[in-house]
Every structure is written in structure tokens, then in C-alpha cells.
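Please look through the sequence and the structure below before reading on.

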Amino acid sequence: MNKLMIKLISAALAFSFSLTVIADHNTEEALQKRTAPIGTLNVASAEVETVAAEPRDGVTVYNTACMACHASGVAGAPMVGDIENWTPRIAKGLETLIANAINGFQGEGVMPARGGNPTLTDEEVGLAVEHMVSLSQ
Ligand code: HEC
């Protein structure tokens, strides 16, 4: 056997050995073992994100769900900034105002529950009421 033959044979052996290593690395089982913990972690973090979703702030809620009536006074809605109209309402206490905004309220006009937007949380309606009150006293 000459030197060239020996070099070729050892190169071929080294090559097939490395192929075996790569093939073993990518077996179904090996892949599952390597990816399983990452998959579980993703599911868990997605659930946490849903629970911890930030509430929309009072200005955003007011602008999207309340302004249509409360900026112009549609159907007897107390206009934001109309201190005379808001003073006796504010005297009922913030808690009562928030409860009336959540559940709906009928005086001379009708305030629909959550301004007619059932996707708003209690907290979001409360933040909108606080925003409206802060501009009306
Ligand atoms: C479809 C029109 C309409 C929308 C939309 C609306 N309101 Fe009203 N709201 C009214 C009317 C009308 C009244 C007055 C009811 C009365 O006292 O006669 C009122 C009254 C209120 C009051 C005073 C309640 C009280 O006890 O005096 C609050 C607080 C209030 N609305 C908050 C909100 C908030 C917060 C939103 C948005 C999430 C909202 N409103 C959306 C029509 C609306």
C-alpha cells in the first residue's frame, strides 16, 4: 500500500465517522429531546401574557367608548367639562359613578352599561370615569 492509498482510506473513514455523528444528532428522538422543553416554556409564557395584559388607559377608553355621547351631550349625557351638570353627580362619590357606568344608569336619559361596549373591563370603565371627572370639576 502506498502513502496515497493510506491517506485516502483514512480520509474516507474520517468522513463516514462524521456522517454517523451528524445522522445520530438528528434522529427523531434526539430532536424531540432537544425541542420539548422549549415548546413547553412557550405555552406557559403565552398564558402569562394573556393574564397580565395591560388595561387600556382612561383617555383611550374615553376616546373610543364614551366620547361619542359625553363630548356633545347626546341624549342627555352630561358633557365632559360641564361643571354644573357634573357637580351633583360627583357628590354621589366616585365609587357610585363607576358602578353606574359599569351597570348602566337611568336618570332623565339612559347611560348604557359600559357605554354599550361589553369588552371593557370594570377597571377600564373606572379609569374612563376618573378621566371624565378630572375634566369636569
Ligand atoms: C350612548 C351614549 C352614551 C355612551 C356611549 C356613554 N354614556 Fe355615560 N351617560 C349617558 C347618558 C345619557 C347619561 C346620563 C344619564 C342620566 O343621568 O340621565 C350618562 C351618564 C354617565 C355617568 C354619570 C352617572 C351618574 O351616576 O350620574 C357616568 C359616570 C358615565 N355616563 C360614564 C360613561 C363612561 C365611562 C362611558 C364610556 C365607557 C360612557 N359613559 C359612555 C350616555 C352615554
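## The shell around the ligand

At least two residues of the shell around the ligand come from each of α3 (58-70), α5 (94-103), β2 (110-111) and α6 (122-134), where helices (H or I, at least four residues) and strands (E, at least two) are DSSP runs, numbered from the N terminus. This is a predicted model, in which local features need pLDDT of at least 70 and side-chain atom pairs count only at pLDDT 80 or more, while totals for chains, interfaces and linings use all residues. Residues are numbered from 1 along each chain as its sequence is written.

The ligand is surrounded by 30 residues, the closest being Cys66, Cys69, Gly107, Gly109 and Gly115; a residue is near a molecule if its C-beta atom, placed from the backbone, lies within 6 Å of it. The largest share of this shell, 6 residues, is supplied by α3.

## The nonpolar core

In the largest nonpolar core there are 14 residues, and those with the most contacts inside it are Val61, Cys66, Ala128, Val129 and Met132. Such a core is a set of buried Ala, Val, Leu, Ile, Met, Phe, Trp, Tyr and Cys residues joined through C-beta atoms within 7 Å. To this core α3, α5 and α6 each supply at least two residues, and α6 gives the most, with 5 residues.

## Helix α6

The buried residues of α6 are Glu124, Val125, Gly126, Leu127, Ala128, Val129 and Met132, where buried means that 20 or more other C-beta atoms, placed from the backbone, lie within 10 Å of the residue's own. Among what covers these buried residues are α3 and α5.

Note on methods: Buried ≥ 20, exposed ≤ 12 C-beta atoms within 10 Å, placed from the backbone. Contact = placed C-beta atoms within 7 Å.
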